[in-house]
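Keep the viewer open as you read.

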Amino acid sequence: MAFVLPDLPYQHDALADLGMSKETLEFHHDLHHKAYVDNGNKLISGTEWENKSLEEIIVGTYNPTSVAQNGIFNNISQLWNHNQFWEMMGPSGKKMPSNLELKINDSFGSVDKFKEEFCAAGVGQFGSGWCWLVQEADGGLKITKTENGVNPLCFNQKALLGCDVWEHSYYIDFRNKRPVYLKNFLDNLVNWENVAERL
Ligand code: MN3
């Protein structure tokens, strides 16, 4: 079964007032995300990965010694990353559920400190990649950054929140201002109910 591009969980213009324009979502979801789906399907066709799950392919093709990774890993991991990313944002779900807030306070001191560290990870990711709030196997929360399509599955971590810091994610709305994009993501775009459900 070939993988399909999931619909956005909201309209393309649903986040426009919150700092992510219709144009960004048209490019990012309809073109970039679709390309990962199409290329991923093409690359796994006829290989041992053809009937495996996204998660199995990501874990099975991740190479910790290669920055470049390979085409199957790059496309399939980016396919999965964007599946998560759209769900982690939304026009509603702005109030942080108390169980998540407690855990964040426990781990980072305060929500503000968490936001500061998360933004710093995203700003500090040199070149394309992602920053994440992850849950480790022992239950602890941690902030990480990854290059290109690498994601928390590669390190046996659960992705609670991820922010795409590839330029295609922010250049239309924020030009070169990645720090402003990151702050706006945390303040206005995140669906905290979705993040809490991942705990
Ligand atoms: Mn992207």
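Donors are N, O and S atoms within 2.8 Å of the metal (3.2 Å for Na, K and Ca), and since water is not among the atoms, sites may look incomplete. With that in hand, the donors of the manganese ion follow the spacing H-x53-H-x81-D-x3-H along the chain. They are His28 (NE2), His82 (NE2), Asp164 (OD) and His168 (NE2), and they lie 1.9 to 2.2 Å from the ion. Histidine 28 sits in helix α1 (residues 22-44) and histidine 82 in helix α3, so this pair ties together parts that are 54 residues apart in sequence. Helices (H or I, at least four residues) and strands (E, at least two) are DSSP runs, numbered from the N terminus. Histidine 28 is buried, with a relative accessible area of 0%, and histidine 82 also counts as buried at 0%. Here buried means under 20% relative accessible area, exposed over 50%, and partly exposed in between (1.4 Å probe, protein chains only).

A word on the ground rules. This is a predicted model, in which local features need pLDDT of at least 70 and side-chain atom pairs count only at pLDDT 80 or more, while totals for chains, interfaces and linings use all residues. Residues are numbered from 1 along each chain as its sequence is written, and side-chain values use heavy atoms, with hydrogens and water left out.

Now step back to the whole chain. It has eight helices and three strands, and from the N terminus on the elements run α-α-α-α-α-β-β-β-α-α-α. The radius of gyration, taken over C-alpha atoms, is 16 Å, close to the 16 Å that the globule rule gives for 199 residues, so the chain is as compact as a globular protein of that length. That rule is 2.2 Å times the number of residues to the power 0.38. Along its principal axes the C-alpha trace spans about 50 × 40 × 30 Å. Of the 199 residues, 49% count as buried.

A nonpolar core is a set of buried Ala, Val, Leu, Ile, Met, Phe, Trp, Tyr and Cys residues joined through side-chain atoms within 4.5 Å. The largest one here has 58 residues, and those with the most contacts inside it are Phe114, Phe118, Leu133, Leu161 and Phe185. Helix α3 (residues 71-87) gives the most to this core, with seven residues. The core draws at least three residues from each of domain 1 (21-88) and domain 2 (98-197), with bounds that come from an automatic or database domain assignment.

Leaving aside neighbours within four places in sequence, phenylalanine 185 is in contact with Phe85, Met89, Phe118, Leu161, Gly162, Cys163 and Val190, where contact means heavy atoms within 4.5 Å.

Finally, look at the rings. Rings of Phe, Tyr and Trp (its six-membered ring) pair if their centres lie within 6.5 Å; planes under 30 degrees apart count as stacked, over 60 as edge-to-face and the rest as tilted. The whole structure holds 13 aromatic pairs. In one of them, the rings of phenylalanine 85 and tryptophan 86 have centres 5.4 Å apart and planes at 45°, so the pair is tilted. Ring pairs link Phe85, Trp86, Phe108, Phe114, Phe118, Trp130, Trp132, Phe185 and Trp192 into a cluster.
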